[in-house]
Every structure is written in structure tokens, then in C-alpha cells.
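Subject: Structure handover

Hi,

Here is the structure you are taking over. My notes on its strands and helices follow below.

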Amino acid sequence: MTDLMPAVHQPAADQWPTLVRPRSNPVRRAGALAAIRMVAKDLPVTIRLDNKAYGLGGPGMRVHRSAAFLDRLGQDAGSGFGEAYLAGDWDPEPGTDLADLLVPFAERFSNDETRHLLPKWAQSLRWLVTRTQPGDQDNDRAGARENISRHYDLSNAMFAEFLDPSLTYSAALFGPDATADLGSASYDELSPAQLRKLDSILDAAGVHAGSRVLDIGCGWASLAIRAAQRGAWVTAITIASQQALLAQRRIADAGVSDRVQVALRDYRDQIGEFDAVLSVEMIEAVGEKYWPVYFDVIERRLAPGGVAVVQAIVMPHERMLATRNTFTWVQKYIFPGGLLPSVHAIQQVTAEHTGLQAQVLRQLGPDYARTLRIWRNRFIDQWPNIEALGFDSTFRRMWEFYLAYSEAGFRAGYLDDVQLLLTKR
């Protein structure tokens, strides 16, 4: 897939002004080169930089513009590497899959003995090149709507080009050996796996005919439609306006408008009691400050005897604590205001702030890796249609990196995706 990229990409200056010319600082540049050498000396990759090769060998990357590449790394450790890819400063070697290249980096973070790319003495200097999260990404009501809109309202048509027909934008459920032979992952297997995932959530929540269901962060309503097809009564809420409009059309097309109400509503403003509260990969956009509020809302919306199922992308607790205040590439370009929790953090928040008990039902990390590989392949295959919607080649690189970066995290075990059953104690 990477072979389709131009040899040396150059962002359009009028559309991506911050990517064109990074600030240059000889000291920071030298520090970035020293960091590359330290990282690569025991990493199974090959980094070709200024006619030199670093690393133990393995998946290769070639740096086209070494000065710009090092300037970006030296300026911002959290975003510099991914930003350099957007700018075209580096590419995987021909024939090397981008996710395959990123897996060894992710494995260093998932290794209990390392958890870091750099040695401890060098980690103490990270504050020099680490940015903190900007205040304008706070997830109060106004901020959350702005943050969500920047991603989910990009273009319904764009998402439709690479998601399955149900427009389910979360991990599918493939079953055992989900990461086996990722090279053969097929778009044709995605839709059945997504329906299997939706059913697993509804089954865990005991949703049946007559159930009153609240879907927090409903996306394009695939879960709401599936629940209504069981005979449930569903309230589906989102704060992405374009997403809500398409969700309403999809509900009508499915013939369940009499059973599903879509509302453009913040979860904090929801009222009523429900037999089941569902929320799929929405907590990542809530923000740590508002986790107690989020789970309190879930508890207050549950009728006596009701249960909730939350599907969440999670990371190791130690890494969450270490990175929760840093401003990452994903927050800057993909999910403003986002933060991945840990299972421990979820259980701690629910225990301290609610009467809920959180139990892990299922882990879908390998399934997410396969889902992301299929999405990325489909995104690239459908690129001519996406480009026709008004997106340029830098946007393409941004989304290819986002999907590959995420896949690498799940393959390495640095990220996981869990379904949690929440019951009142």
C-alpha cells in the first residue's frame, strides 16, 4: 500500500502552513539525532538517515529531509514523528507496510521492562520537548461539541468510503486468531464481524423486545438500529450534528423510526430511566476530568435491575498516568480532547464516584488490529473517491498514519479494547 505514495511528499503551504517549515534549532536537532541513535541501537528496524543506517535491521524507513525531520522531533516529541510523516520528511522503505514498521516502536511501550523508548536518564529531559494539552480542548459542553465535530463531522461520505455498510466505527469481532495473516484481511469479512460485535453488546446487556435502551455516543446508529430490530425502544444521542442527520436517515431506511429517537444531546443532559445503557468507544472523548460525571450519568440513567455495557479503548495504567497531561499527535490531528483510560482507572472511578461495579467481559485488541488493517486498505483503495470529496494528499497521509499507528498499538498489546459490564452494587 505504501508504494502508492509519492517518493517525496510536500504539503500545500496554504492548507497546511504549520507543516511546511519547522522551526530550526541546532541544539534541539542534535538532541533529536542522539535520541534516534539511542532508540535504534536495540530496535529491530532500519532507519536510513543521511546515508547512514540505524537499528538492528527489520522493517525500514527512509528519511528524505533529515534537517526537517530532526527539527520536528526536537521541537515536539509527542507529535514530531507523526508530523514528519504528514509533511513527507520520511516514508517506509518500498515494500514495507507502515504498521509493520511502527509495531517495534509500540512493542517497546508495551514491554513491562521498558515502557519507554529512551533510557531513564534521557527520559528526565523529555519536558524540554513535550507539550501539555491546550486549555481549549477541555470537554465541557461547548468544548466537547467542538472536539467531536472536528472528527466525526469531517464528512459522512468520507467515512462511508472505508467503513462497512453499517457504518460501525469501532472494533469488529472476528474471533480467535484475529491477527493471523493480516495481509489477507478482507473488506468482505468486516460487515459480519461488526454485526457480531453489535450483537455481543446487546446480548451482554440483555436487550430484548420491549427493552428501554440509551445509546450514548450513537455514531451513525448501527447499534441503535440493531437493538430496535430486536424490538427495543432506543434513545440514541450524539453531539456531532452531521452524524445525527445521517443517523436519522439510516434509521428511517431501516424501517425502525417508530422505535429509535435520535437526539443531538450531550450525555450530561439526558434524562429518564433505561433498562440498558450502552456506550461504544465514546469514553475516549470524555476526558479524565469528566470521567466521574460520565459514569454518574450512566448510573443515574439505569432503571432498577438495569445494566450498562461500555466498550472502551484502553492503555496500561502506568502509561496513562505518564502521558495523560501530554499533547500527542493523535490529539493534535485526529481526536482533540481525547484521552484513553485504563481498566484500572475505570474501575477506580466507578468505585469512588458511583455505585457501579465494572467487570471486563471481553478483550478485542487483536480484533481491532484486524479492523484497522481492513479500514486502512479500504481507505487507500477508495482514495480516488475520497479525494474527489475535497481531501488532499496530506490528509491521506494523516489518515494512513493514524490507522497504521493504531493498528501497531493493538498488535503490540500497548492498546486494548474491552467490553465492560456495569452493574449497580
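Start with the open sheet of 4 strands, ordered β2-β1-β3-β4 with mixed pairing. Its edge strands are β2 (52–54) and β4 (90–92), and each of these pairs on one side only. From one strand to the next, the twist averages 20 degrees. Strands pair here if DSSP finds at least two bridges between them. Helices (H or I, at least four residues) and strands (E, at least two) are DSSP runs, numbered from the N terminus.

Before you go further: this is a predicted model, where local features need pLDDT of at least 70, side-chain atom pairs count only at pLDDT 80 or more, and totals for chains, interfaces and linings use all residues. Residues are numbered from 1 along each chain as its sequence is written, and side-chain values use heavy atoms, with hydrogens and water left out.

Inside that sheet, β1 (residues 46–49) and β3 (residues 60–63) pair in the parallel sense over 3 bridges. Arg-48 has Arg-62 in β3 as its bridge partner. Helix α2 (residues 26–40) lies across β1 and β2 and runs at about 55 degrees to β2. Angles run from 0 to 180 degrees between N-to-C directions; axes are lines fitted to C-alpha atoms, for helices over the stretch in contact.

Helix α3 (residues 66–75) is mostly covered, with 8 of its 10 residues buried. Buried means under 20% relative accessible area, exposed over 50%, and partly exposed in between (1.4 Å probe, protein chains only). The buried set is Ser-66, Ala-68, Phe-69, Leu-70, Asp-71, Arg-72, Leu-73 and Gly-74. What do the buried residues of α3 pack against? They pack against α1 (17–20), α2, β1, β3, α4 and β4. Contact means heavy atoms within 4.5 Å.

α4 (residues 80–87) also packs with α18 (residues 393–412), at an angle of about 140 degrees and with axes 8 Å apart. The two helices are therefore oblique to each other. For the angle classes: under 35 degrees counts as roughly parallel, over 145 as roughly antiparallel, 65 to 115 as roughly perpendicular, and the rest as oblique. The crossing of α4 and α18 is right-handed. A crossing is left-handed if the near helix is turned anticlockwise from the far one by less than a right angle, and right-handed if clockwise. On the α4 side, the contact uses Phe-81, Gly-82, Tyr-85 and Leu-86. On the α18 side, it uses Thr-394, Arg-397, Met-398, Glu-400 and Phe-401. These residues divide into 5 nonpolar, 2 polar and 2 charged. Nonpolar covers Ala, Val, Leu, Ile, Met, Phe, Trp, Tyr, Cys and Pro; charged covers Asp, Glu, Lys and Arg; the others, Gly among them, count as polar.

Now the other sheet. It is open, has 7 strands in the order β7-β6-β5-β8-β9-β11-β10, and its pairing is mixed. β7 (260–264) and β10 (356–363) stand at the edges with a single partner strand each, so one side of each has no neighbour in the sheet. Here the twist averages 20 degrees from one strand to the next. Helix α12 packs on this sheet and touches β5, β8 (274–280), β9 (302–314), β10 and β11 (416–424). The direction of α12 makes about 150 degrees with that of β9.

At one end of the strand order, β6 and β7 pair in the parallel sense over 5 bridges. Val-234 stands opposite Val-260 in β7. β5 (residues 212–216) and β6 are also parallel, over 5 bridges, and Val-213 stands opposite Val-234. In β6 (residues 233–238), 5 of the 6 residues are buried, so the strand is largely enclosed by the rest of the structure.

At the other end, β11 is mostly covered, with 7 of its 9 residues buried. β9 and β11 run antiparallel, joined by 7 bridges. Ile-313 stands opposite Asp-417 in β11. β10 and β11 pair in the antiparallel sense over 7 bridges, and Ala-358 has Leu-422 as its bridge partner.

Last, α12 (residues 291–301) packs with α15 (residues 343–353) at about 65 degrees, axes 9 Å apart. They are therefore roughly perpendicular to each other. Their crossing is right-handed. Trp-291, Pro-292 and Phe-295 of α12 meet Ala-345, Ile-346, Val-349, Thr-350 and His-353 of α15. That contact divides into 6 nonpolar residues, 2 polar and no charged.

Best wishes
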